[in-house]
Amino acid sequence: MYRIEKTAETADNIFEFWIHAPHVARHARAGQFLVLRIDEHGERIPLTISATDGDSVRVVFMAVGKTTTQLAAMSPGESIRDVVGPLGRPSEIRKWGTCVVIGGGVGIACTPIIARELKEAGNTVIGIIGARNAGFLLLEDEMRETCDELVVCTDDGSKGFHGFPADILKERLSTQTIDAIWIIGPAIMMKITSGVSRPFGIKTFVSLNPIMVDGTGMCGSCRVTVGGETRFACVDGPEFDAHEVDFDELMQRQRIYGDSERRALEHYHEHQCRCGGEGHE
Amino acid sequence: MSKRPADERLRDFGEVDLGLSEEEAVVEAQRCLQCKKPACVGGCPVCIDIPGFIAAVAERDFRRAAAILRDQNMLPAICGRVCPQESQCEGVCILGIKSEPVCIGALERFVADWERAQGIIPPAVAPPTGKRVAIIGSGPAGITAAAECARAGHAVTIFESLHEAGGVLTYGIPAFRLPKDIVAGEIEEVLALGADLHLNHLVGRSVPVEDILAYDAVFLATGAGLPFFMGIVGEQLGGVYSANEFLTRVNLMHADRFPEFDTPIVRGSRVAVVGGGNVAMDSARVARRLGAKVYLIYRRREDDFPARHAEVANAREEGVEFLCCANPVRILGGPAVTGIECVRMEMQDPDMSGRPTPVPVEGSAFTLDVDVVIEAIGQGPNPLLVSLIPGLIRGKKGNVVVDEDGATSVPRVYAGGDVATGAATVIWAMGAAKQAARSINAMLEKS
């Protein structure tokens, strides 16, 4: 069992959890993820590791499906049945020169750890974070502290630049030398944003988030097409060369269980009502 | 051994074979000739004293029978169910020449189940040696080696990446063939010998390789968990599964009980399973229990199925439709599967394995309307950990190369089971694990 140590709703429906999991926290590197299962009836879901502190690991998630909704309702002191990790290959951290680390939406949560490791490797790091509005600019202070420069954008112009990270990236690419780019966010955002760097031929990494079961290369649920080849995001990724990824296929595969996910959430809410709001056993 | 009727067993995941009654077991045991030079023992990868335990059954001394089994095999209730006895002990039984061989597997199962019901008396454990052994993987090979090393008095730690122990016994083989309480029970017995189990620990990630190499001995039993795909068009469509994924969703995650359990599965109304091995039969029979009409597509003839005959017969009784001498070329649909296009195959000269070489027949394409495709065409060793160990020599197919003692190219590191042989059987993995464990024990005794 893995104890939840701290929880916070950092933006509307977005939650930040610290979980005590020494075997994960002690060995986690930027870019890696964990898989958790809340209880005996739970499914295994992957969450990217957002930070570590001693024996604890931070994850940030939006409560959208059954599992994330159930998780969001948990409190410090309660325990998660299973946590395995760190999984996947770490980010390709080395001295690139000038790096841009871009986060979109909940994906912002995974950028400070990458930015920090890039800084420690001697890179100049420019951060770009974008969200719907000012309220969703997660971990802005943390990114500002870590990066040499941070650009903030919002879709509605409520803070920083009125527009998307892709716009900022485009402008930077035409005015300065950039050696490597990381983009973490929803698949559609990663597709569009990485499209900007393609003509410049600059190494661009994206962190893919397909559906997984075991997370250790055993089932093939997370298969993605990269450079025309089938790769498993859980062991070959989750970071891949953005310009080789088939994003349309990824998005299609992410929707396979759409109906089931809705049913699971309905079942969860019904069950919760029946037993007086105590949640799933 | 009696079986539940097909229409009844399709309604649940309960065990199909009902096993022998006490009377049946004794009568069956009395058929054994008690050969002076028993061929059956030579046919057993873990060298059980088969005539010995059968004689005990014939005398109704089931406790002695159980002790004889357990001396060579810590997983008798599992082996009694899933070993391919017909090509091992029973395949060489002298009685088989003129009539039916002794049902050794059914007798093993009977004794193991009797023992479990009466309470198991664990084998003796040597005093602690102070030596530490790391076992990577808790499948049949890992559990067997853990038992052997623990009995020798070593401090054994088993690392398992999933949230349950058992490896393929847990995620792969369905409950109707191997009930999960049996697997859990046999693993408990091994842990009772003093072995420690760490779930949710992926060695190479949660535990650094250096930490593992600091043990006095290491046994790699990470199995053949990497699923192969055919590489045909349409494999990325929704509803296409590797057998590993399909079986894991049901056996480990209980997707058959969604939404009571959270993991979903595309059940399908018409399912195509590709392959002819035991994993293909398991997948087809699970799909039948989820309510689908099931086609099993195999590129050779029915006689060439690598699956056990009994499992082929079970699948047929349960209504799985075999389409032999056919091979998929394309999966149709988008975003979900709507069909599978196949071609007929013609059998030509035998290949290296002695089986006929299937060759596509031109102009023979046909389409099946299906909404789920399950590929059960084999799996290879998971490369994750083995690629992280410096100096570990691997074969062309990614398997860890071992000598006859189970030793790898790295000192103090041994390997066995599917990670060394490629996908094989539970009992071969156990046989290799016993050999490696003996080598480890001998090495640690000397050092």
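A polar contact is a pair of N or O atoms within 3.5 Å; within protein, one atom must be able to donate a hydrogen and the other to accept it, and residues adjacent in sequence count only if both atoms are side-chain atoms. The structure is a predicted model, in which local features need pLDDT of at least 70, side-chain atom pairs count only at pLDDT 80 or more, and totals for chains, interfaces and linings use all residues. Residues are numbered from 1 along each chain as its sequence is written.

**Exercise 1.** Determine how many residue pairs are in polar contact between chain B and chain A, and which side chains form the salt bridge.

*Solution.*
Step 1. Between chain B and chain A, 21 residue pairs are in polar contact (both at pLDDT 80 or more).
Step 2. The count of salt bridges (a side-chain nitrogen of Lys or Arg within 4 Å of a carboxyl oxygen of Asp or Glu) is one.
Step 3. That salt bridge joins the side chains of A:Lys66 and B:Asp262, at 2.8 Å, N to O.

**Exercise 2.** Locate the buried residues of helix H15 (residues 309-317) of chain B and state on which side of the helix they lie.

*Solution.*
Step 1. Helices are DSSP runs (H or I, at least four residues), numbered from the N terminus.
Step 2. B:Glu311, B:Val312, B:Asn314 and B:Ala315 are the buried residues of H15(B), buried meaning under 20% relative accessible area (1.4 Å probe, protein chains only).
Step 3. These residues lie on the same side of H15(B), because they cover an arc of only 160° around the axis, taken from the directions from the helix axis to the C-beta atoms.
Step 4. After H15(B) comes B:Gly319, with a positive phi near 90°.

Technical notes: Chains are lettered from A and ligands numbered from 1 in the order in which they are written. Side-chain values use heavy atoms; hydrogens and water are left out. Buried means under 20% relative accessible area, exposed over 50%, partly exposed in between (1.4 Å probe, protein chains only). Helices (H or I, at least four residues) and strands (E, at least two) are DSSP runs, numbered from the N terminus.
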